[in-house]
Amino acid sequence: MAWRLRLVPEKTNIDFFRIQWVTFGASIAMMIASVILIITMGLNFGIDFRGGTTIRTESTSAVDVGAYREALGTLELGDVSISEVFDPSFGPERHVAMIRISARDGEEAVTPQVIAEVEAALQAVDPSITFPAVESVGPKVSQELVTSALLAVLAGTVGILFYVWVRFEWQFAVGTVAALIHDVLVTVGIFVLFQIKFDLTIVAALLTILGYSVNDTVVIFDRLRENLAKYKQMPLREMMNLTANETLSRTIMTASTTLISLVVLLIFGGDVIRGFVFAMLLGVILGTYSTLYMAKNIVLMLGVDRGDKPKKSDKGEYANVDA
Amino acid sequence: MQPMALWKRILILLICAWGIVGAVPNLFYGRVERHNDAAAAIEAAGGTSSAEQAADLAEWPEFLPSALVNLGLDLRGGAHLLAEVRVEDVYKTRIDALWPEVRDALRDLRDQVGSVRRAPSPDDVLRVSIEKPAGMATALEAVNGLNDSVVSLTGVGESTLDITAEGNEIVIQLSEAEKQATDNRTMQQSLEIIRRRIDEVGTREPTIQRQGQDRILIQVPGIGSAAELKALIGTTAQLTFNAVAPGGRTTNAAAQPGPRQAILPSMDEEGVYYIVEETPVVTGEELVDAQPSFDQNGQPAVSFRFDTTGARKFGDYTAANIGAPFAIVLDNEVISAPVIQSHIPGGSGQLAVLLRAGALPAEMNFLEERTIGPELGADSIAAGRMAALVGMVCVIVYLIACYGMFGLFANIALAINIALILAVLSAIGATLTLPGIAGIVLTMGMAVDANVLIFERMREELRAGANPRRAMEQGFDRAFSAIMDSNVTGLLTAVIMFWLGSGAVRGFAVTLGLGILTSMFTAVYVTRLIVESYLDAKRPKAIVV
């Protein structure tokens with residue numbers, strides 16, 4: 001037999017429900033913690049959602065946040081945050097910082113004078129400084145972006161709920177969506193905890209997490225449906241374990257290839273999309289976990305209608321090809 | 001079960017070949033871009049080319065496809081503006097221009113309505129008080145004479161003005177239909193003017209789009225900053241009305257204009273020039289209104305109206321020069337040079353061309369502006385390319401380690417998948433953004449999922465004692481339901497992202513959605529074709545997945 005790299009042994013017999021109250025409890029605890037964090041600490045919104053201006057600076061000399069702050073202090077800009085950006089590709093001669101200026105109340109348009117003043121003040125501190133990117137978003141647009149982002153995540157969830165409900169049973173739909181909410185909520189919670197900038201691209205990442213997580217869950221449910229038809233007498237709990245073990249190799253395989261791509265992106269993809277990639281990375285890990293420990297548990301709690309009447313879906317065109 | 005039909009195999013191979021050929025130009029981005037630019041320039045010049053253009057053109061063979069993926073602003077560098085046009089500004093201009101007309105109309109009825117005054121009112125309402133309320137009916141009738149029907153597609157039959165009486169005041173405002181028609185006109189004029197000014201700089205593929213009711217999205221690659229772009233949009237084109245010198249129409253570009261005269265090319269007629277007086281009769285600043293209408297022959301035209309001084313000058317000039325042509329000059333090009341038929345006293349008339357001149361009809365607020373330097377864009381491309389390459393190598397090695405020869409098959413499918421994504425993006429002229437590149441790299445990870453499902457199934461079948469052929473068939477058929485379900489949900493989220501997202505998020509949604517579609521094709525059909533061909537050719541007794 002040829003050699004193969006195997007992360008999962010050929011035959012596994014893990015009881016995913018043995019510690020179900022620990023795992024389920026941990027999930028619930030993480031979700032509650034996330035909600036508390038979101039309420040108490042709040043998300044570190046980027047200008048997409050809060051309005052304001054970000055200026056990316058680049059210089060050959062080291063970033064002196066204190067000096068920058070001092071230089072901008074005289075301009076009465078209101079809330080200013082300055083953070084240095086690190087990336088392995090920068091080398092010793094490149095120092096990058098992000099300066100964020102909050103939008104002022106009642107100011108719809110972004111004044112170019114302010115930006116010019118800021119740039120002049122920074123140039124006085126460091127003559128070699130350049131400004132590769134300047135972005136401003138007015139409060140009106142940022143309000144709309146918040147609304148459309150929330151709407152997007154909501155619409156995504158509802159769409160998935162509906163699709164899974166149509167393709168499977170309502171219990172499966174509830175389980176899937178509970179797992180999705182778990183993944184998204186905990187990801188957002190971690191963003192709050194580390195105060196990572198939350199902007200439009202992160203919303204795109206959350207939506208992709210929805211897609212990935214549901215993909216994972218649906219594959220297991222698909223197998224479960226097949227097994228429900230095959231082993232009429234097996235208790236549900238046992239059958240779920242069998243299903244999860246049968247598909248475990250695939251679950252780990254797909255998660256690991258996706259993680260490989262993401263880790264590569266995290267290292268080489270540059271600092272501009274790092275937040276986005278980080279969100280995806282969290283989502284894939286959480287999605288895999290919630291597939292194994294969350295979605296099934298909820299279906300088990302809700303129970304599945306296993307009446308003797310043959311189910312319509314079991315006679316699907318793909319299910320019984322070997323008959 | 002039957003092996004795959006021949007036509008199916010050929011179709012699959014054709015699609016793969018199309019994908020690879022269509023993706024190739026993107027590997028030589030700089031070359032193909034120069035080729036395309038040169039081709040466009042030569043076409044615009046009517047087939048003549050300079051040596052430099054010919055050299056650029058030769059950089060890429062004509063018979064190969066030359067469609068490229070558009071690079072988004074975040075990759076190419078440039079400026080992005082979202083502007084809100086203050087369409088209400090135009091109402092005020094219209095109302096202010098209406099007042100003299102109302103005054104003139106009522107002046108003739110002085111004995112019935114008494115003296116007439118403009119009463120204080122909001123900007124978009126004209127309130128006129130009359131001395132003798134008894135004459136209100138007559139006054140209303142007279143003012144109604146100024147009413148017109150709305151020129152628009154939907155507002156047919158509706159009048160432009162809402163005229164009502166309140167006590168001794170006549171209240172005049174633009175009707176809803178007219179406001180809408182005015183808004184549309186304002187937006188169209190704004191778009192046209194912005195497009196014209198940006199085209200003058202000749203940058204590559206600017207995006208100038210109307211968004212919603214009153215917004216304009218402007219994206220210009222290669223421009224230094226958003227401030228520069230705003231300055232560019234803000235520059236007013238110069239519109240003037242100049243007298244044409246006697247015998248001023250000529251086809252001789254080298255003709256010598258007299259003192260205080262200039263020779264200007266015609267905008268529409270190739271090779272025609274006009275010698276005009278340098279001092280204009282009237283300038284665009286004296287123009288108060290320009291809107292589309294129809295001339296007496298039912299031809300589309302543009303009506304225009306001057307302010308008081310402009311109207312007087314124009315009236316005097318036309319009265320003195322009946323039979324002589326005068327030139328309408330926009331940025332030193334003659335739009336049109338009609339012959340004055342009669343004295344035009346009211347200072348209004350019609351131009352049988354689109355009036356693309358003057359200042360923007362309304363002011364703009366800038367809601368969003370982004371500048372991305374070209375160096376940052378280049379960095380992002382380099383980072384994206386690096387990540388894609390390293391990611392690709394890692395996934396290839398990993399798959400071969402896990403599935404041996406079948407991993408290699410999956411890798412071939414994956415490579416074709418990426419070629420297909422690039423080819424489709426190029427063909428539909430989609431824009432690739434940095435999140436879009438992330439989407440492609442991510443697809444590499446996720447596209448493998450379908451193959452993993454299939455291979456895991458094949459392993460199970462082999463363990464259960466199936467022969468290679470049957471294991472393959474079972475593997476593909478049984479995995480299909482799961483592949484289908486998981487991809488439909490993925491596609492669903494991509495569609496929602498595209499529908500609700502904007503800018504970079506949309507770019508990501510497009511690549512993600514496309515990636516899902518193409519990966520289904522490559523994982524299910526291409527891999528199957530490869531595996532089947534392998535089994536047919538070698539007829540192995542046993543296989544190890």
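Guide: Welcome! Two strands pair if DSSP finds at least two bridges between them; strands (E, at least two residues) and helices (H or I, at least four) are DSSP runs, numbered from the N terminus. The model is predicted, and local features need pLDDT of at least 70, side-chain atom pairs count only at pLDDT 80 or more, while totals for chains, interfaces and linings use all residues. Residues are numbered from 1 along each chain as its sequence is written, with chains lettered from A and ligands numbered from 1 in the order in which they are written.

Visitor: Which residue of S18(B) does A:Glu135 stand opposite?
Guide: Here the pairing crosses between chains: strand S5 (residues 130-137) of chain A is joined to S18(B) by five bridges. The two strands run antiparallel. Opposite A:Glu135 stands B:Arg370.

Visitor: How many residues of chain B are in contact with chain A, and how many on the side of chain A?
Guide: Two residues are in contact if their C-beta atoms, placed from the backbone, lie within 7 Å. By that rule, the residues in contact come to 63 in chain B and, in chain A, 65.

Visitor: Which elements of chain B each supply at least two residues of the side that touches chain A, and how many of that side's residues are charged?
Guide: Strand S18 (364-372), helix H11 (374-427), helix H12 (434-463), helix H13 (468-500) and helix H14 (504-538) of chain B each supply at least two residues of that side. For the classes, Ala, Val, Leu, Ile, Met, Phe, Trp, Tyr, Cys and Pro count as nonpolar, Asp, Glu, Lys and Arg as charged, and the others, Gly among them, as polar. On the side of chain B that touches chain A, 37 residues are nonpolar, 16 are polar, and the number of charged residues is 10.

Visitor: What radius of gyration does chain A have?
Guide: The radius of gyration is taken over C-alpha atoms, and the globule rule is 2.2 Å times the number of residues to the power 0.38. A box of roughly 80 × 50 × 35 Å, taken along the principal axes, is filled by the C-alpha atoms of chain A. A compact globule of 323 residues would come out near 20 Å, but chain A has 25 Å.

Visitor: What distance separates the centres of domain 1 and domain 2 in chain A?
Guide: Domain bounds come from an automatic or database domain assignment. For chain A, that assignment gives domain 1 (20-44 + 142-310) and domain 2 (52-136). Taken over C-alpha atoms, their centres are separated by 38 Å.

Visitor: And what distance separates the centres of domain 1 and domain 2 in chain B?
Guide: The assignment of chain B has domain 1 (6-77 + 373-538), domain 2 (88-179) and domain 3 (238-341). The centres of domain 1 and domain 2 of chain B, over C-alpha atoms, lie apart by 63 Å.

Visitor: What share of the residues of chain B count as buried?
Guide: A residue is buried if 20 or more other C-beta atoms lie within 10 Å of its own, exposed if 12 or fewer, and partly exposed in between, with C-beta atoms placed from the backbone. In chain A, 43% of the 323 residues count as buried. For the 545 residues of chain B, the share is 41%.

Visitor: Why are the buried residues of helix H9 of chain B on the same side, and what arc do they cover?
Guide: In helix H9 (residues 226-234) of chain B, the buried residues are B:Ala226, B:Leu229 and B:Ile233. The arc is that of the directions from the helix axis to the C-beta atoms. These residues are on the same side of H9(B) because their arc around the axis is only 55°.

Visitor: Which exposed residues does the face of H9(B) turned away from its buried side carry?
Guide: Let's look at that other face. The exposed residues there are B:Ala231 and B:Gly234.

Visitor: Is A:Gln195 buried or exposed?
Guide: A:Gln195 lies in the loop between helix H6 (170-193) and strand S6 (197-198) of chain A. Its phi is positive, about 50°, although A:Gln195 is not a glycine. With 11 other C-beta atoms within 10 Å, A:Gln195 is exposed.
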